[in-house]
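Thanks for coming. I will go through one structure today, chain by chain, and then look at a few single residues.

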Amino acid sequence: MSGTNINVERVSAQFHLMHRIRAFEECAITALNDGDVPGPLHPSIGQEACAVAIVGSVNRDDILLSTHRGHGHTLVKGASAQAMMCELLGKAGGCCGGKGGSMHIADFDVGMLGANGVVGANLLIAAGAAHALDILGEARIVVNIFGDGAINRGPFLEALNWAQLYNLSVLFVCEDNRFSATTRTADTTAGAGPVARAQALGIPAISADGNDLLALEETAQSLIAQIRGGGGPRLLHAVTYRLTGHTAADPASYRPAAEVAQKWNEDPLARCAELLRGAGVQQRALDDVVTRARLEMEDALAFARAAPYPGIEQAFSDIQDLDWHTDPTLAAGVRA
Amino acid sequence: MSVMTYAQASAAAVRAEMIRDKTVWALGEDLGRGGVFGQYTGLQAEFGTKRIVDTPISEAAIMGAAVGAAMMGTRPIVEMRFSDFALCAIDELVNQAAKARYMFGGQTRVPLVVREPVGMWRASAAQHSQSLEAWYTHIPGLVVVMPATAADNRGLLAAAIRSDDPVVYMEHKDLWTETGEVPDGDHVVALGKAATRREGKDITLISWSRCVQECCAAATTLATEGIDAEVIDLRTLWPWDREHVLTSVARTGRALIVHEAVQVGGFGAELSAVINEELFTVLKHPVRRLGAPRAPIAYSPPLEAAVKIAAPQVAATVRRMFG
């Protein structure tokens, strides 16, 4: 795409946002390698344009449901990087109080109803959230991002059928990073993929280059406008590539190094930088953006490292109102 | 008071709660025609298709959509048709509904009720007859309720709909046509409270759902033999009314737990364990359990009857505890 006619201010902000995601995850990986992130971490390095283009196209009061690879989506929706980093480290002050971690990151105040540890589970919850908005007579919409692996689970069919049947305002986004955990999705998928499957149910669906920020954004905005117009659900298939492993601990040696090297040439951050340079933005200005993003996330990590762990009583809070079996003294005894 | 069936009582509860709270709605298969057992009769005509929603045969979607809708501030009543079919939606119930409040650090609540009709009824065989309540009591985050009377189906269902946490609400199919007196007006039975159905001084029979009737019938027989049995209807399995049960057993010194579910790993084992832990020194006899043999439920009536708990077995078990 030519960079001559772009809105430099807006694209610069998007470039910053993509770098915030990249820096957040790089800092989280550092923390993981240092032993400060106790659980699994699924980076979305290489997929940042999807988060920025798609989540950036909805309003703060719209609803978002994400995947176990959802740091970028959550940041773009407006969650605090500091609270997110605390969550990854299992600290008090985490957006879920340290009780969810990376796979359950959520910030209901910005309409982010959760990452999910079960592939495909959020398709149904998203359909239900949209169903509630319909019952309540609200005009907000729901965006559900899921991975390419999810299209082979039953909930994909059930949720799409449901949303179409009740004409619900949901944008289903298949963020296709080509891998179902550590297996190529193409090796485990029959037929022509998510677009064809959605179209079979009468849902308008389209594929797009998930690393082309502006083209993807234009497509997303068009689909969102159709949904806001009462058109019912839409499906967007954003084709990208997971540049790192399934988890931060996965070296991804199941794919040739040459393939990965070639895919780094399509890194959406580099493509966006190219776009801005083409529009006359100086390299130094771009470097400043990268540095700013990096410093913000290093600060967030330092804050999270210094933050206290939640009190042990938090292990027994927010289970259910009506209860009597949770005995913190028992847990304390076990710990002693 | 009005005399109505267990099914009618549940419809009265749903209707009253839907009038009381505009965010209450129900979703499931065949609700428009009144539900498989008539427990939704007349409701779609009164409230329309947007609040009594006929769904595809998509159990995972029914439950999963309800989770999302509950998180957005509505109160869905999820109809699973048969509790056996809820197994198609177990991720949505166990991993999603039961966990959301906790794993999101209290940012959300999931105020849904999932109605799961249980039990043996009209030779429904292995996939339409099970009682799997023990599974749900094992899951932190879930409330588990099993009404045994029409009045309780009115009052407990109302309470379940008002609960801010997910409730697994298991009605027994063999009780749909049972009639009873149901209080008029806003009848709500508190969750977590047991009821004494018959007072007695010699032994405490603890049961729930259909088997409460069997215990009461057994107690009537035993009374003619000089054994005075108390019958407790647990009503809510989680959290169960520990004080009510322990007070009774401390007084009688004997406890028999009776349920239709398979005895192995059944909820009776939990009750037995707690009674032993708390009352070992006052027990006059080891706590006993009476549940189904660990066999799938057969179609043929004599084979089904071979695994169905009935009053004569309850009475026989009690007699052995006095032998």
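Let me begin with chain B, where buried residues make up 55% of the 323 residues. Keep in mind throughout that this is a predicted model. The secondary structure of chain B comes to twelve helices and 14 strands. Its radius of gyration is 19 Å, close to the 20 Å that the globule rule gives for 323 residues, so chain B is as compact as a globular protein of that length. Along the principal axes, the C-alpha atoms of chain B fill a box of roughly 60 × 45 × 40 Å. If we take the contacts in chain B between residues at least 6 apart in sequence, 80% of them join residues at least 24 apart.

Chain B is divided into two parts: domain 1 covers 2–182, and domain 2 covers 195–321. Their C-alpha centres lie 26 Å apart. In the contact between them, domain 1 of chain B takes part with 26 residues and domain 2 of chain B with 22 residues. Which elements supply the domain 1 side of chain B that touches domain 2? Helix H6 (133–137), strand E6 (143–145) and helix H7 (150–162) of chain B each give at least two residues to it. By class, that side of domain 1 of chain B divides into 17 nonpolar, six polar and three charged residues.

Now the contact between the chains. Here 37 residues of chain B are in contact with 38 residues of chain A. On the chain B side, helix H3 (59–71), helix H4 (90–97) and helix H5 (100–103) each supply at least two residues. The largest share of that side, nine residues, comes from H3(B). The side of chain B that touches chain A has 17 nonpolar, 13 polar and seven charged residues.

Is H3(B) mostly buried or exposed? The count is 13 of 13 residues buried, so H3(B) is largely enclosed by the rest of the structure. After H3(B) comes Gly73(B), with a positive phi near 105°.

Two further places in chain B concern the backbone. The peptide bond from Trp238(B) to Pro239(B) is cis, and its omega is near -5°. You will find Pro239(B) in the loop between strand E12 (236–238) and helix H9 (242–252) of chain B. The loop between strand E11 (229–233) and E12 of chain B holds Arg235(B). Phi of Arg235(B) is positive, near 65°, in a residue other than glycine. Arg235(B) counts as buried because it has 26 C-beta neighbours inside 10 Å.

On to chain A. It has twelve helices and seven strands. A compact globule of 336 residues would have a radius of gyration near 20 Å, and chain A agrees, with 20 Å. Its C-alpha trace spans about 65 × 50 × 40 Å along the principal axes. Of the 336 residues in chain A, 51% count as buried. Among contacts in chain A between residues at least 6 apart in sequence, 75% join residues at least 24 apart.

Helix H1 of chain A, residues 8–33, has 26 residues. From first C-alpha to last it reaches 37 Å, close to the 38 Å expected at 1.5 Å a residue. Gly35(A) follows H1(A) and has a positive phi, near 85°.

Next, one residue in helix H8 of chain A, which runs over residues 213–231: Thr219(A). Why does Thr219(A) count as buried? The reason is that Thr219(A) has 22 C-beta neighbours inside 10 Å, and the cut-off for buried is 20 or more. Leaving aside neighbours within four places in sequence, Thr219(A) is in contact with Ile206(A), Ala208(A) and Leu236(A). Thr219(A) and Ala238(A) are 19 residues apart in sequence, and 9.9 Å apart in space from C-alpha to C-alpha.

Arg178(A) has a positive phi of about 80° although it is not a glycine. It lies in the loop between strand E3 (170–176) and strand E4 (179–180) of chain A. With 16 other C-beta atoms within 10 Å, Arg178(A) is partly exposed.

Last, confidence. The mean pLDDT of chain A is 95, and 95% of its residues reach 70 or more. Over residues 330–336 of chain A, pLDDT stays under 50, and the model has three contacts beyond four places in sequence for that stretch. Where pLDDT is low, the predicted coordinates should not be read in detail.

How values were computed: Residues are numbered from 1 along each chain as its sequence is written. Chains are lettered from A and ligands numbered from 1 in the order in which they are written. This is a predicted model: local features need pLDDT of at least 70, side-chain atom pairs count only at pLDDT 80 or more; totals for chains, interfaces and linings use all residues. Helices (H or I, at least four residues) and strands (E, at least two) are DSSP runs, numbered from the N terminus. The radius of gyration is taken over C-alpha atoms; the globule rule is 2.2 Å times the number of residues to the power 0.38. A residue is buried if 20 or more other C-beta atoms lie within 10 Å of its own, exposed if 12 or fewer, and partly exposed in between; C-beta atoms are placed from the backbone. Two residues are in contact if their C-beta atoms, placed from the backbone, lie within 7 Å. Domain bounds come from an automatic or database domain assignment. Ala, Val, Leu, Ile, Met, Phe, Trp, Tyr, Cys and Pro count as nonpolar, Asp, Glu, Lys and Arg as charged, and the others, Gly among them, as polar. pLDDT is the predictor's confidence in each residue, from 0 to 100. The expected span of a helix is 1.5 Å times one less than its number of residues.
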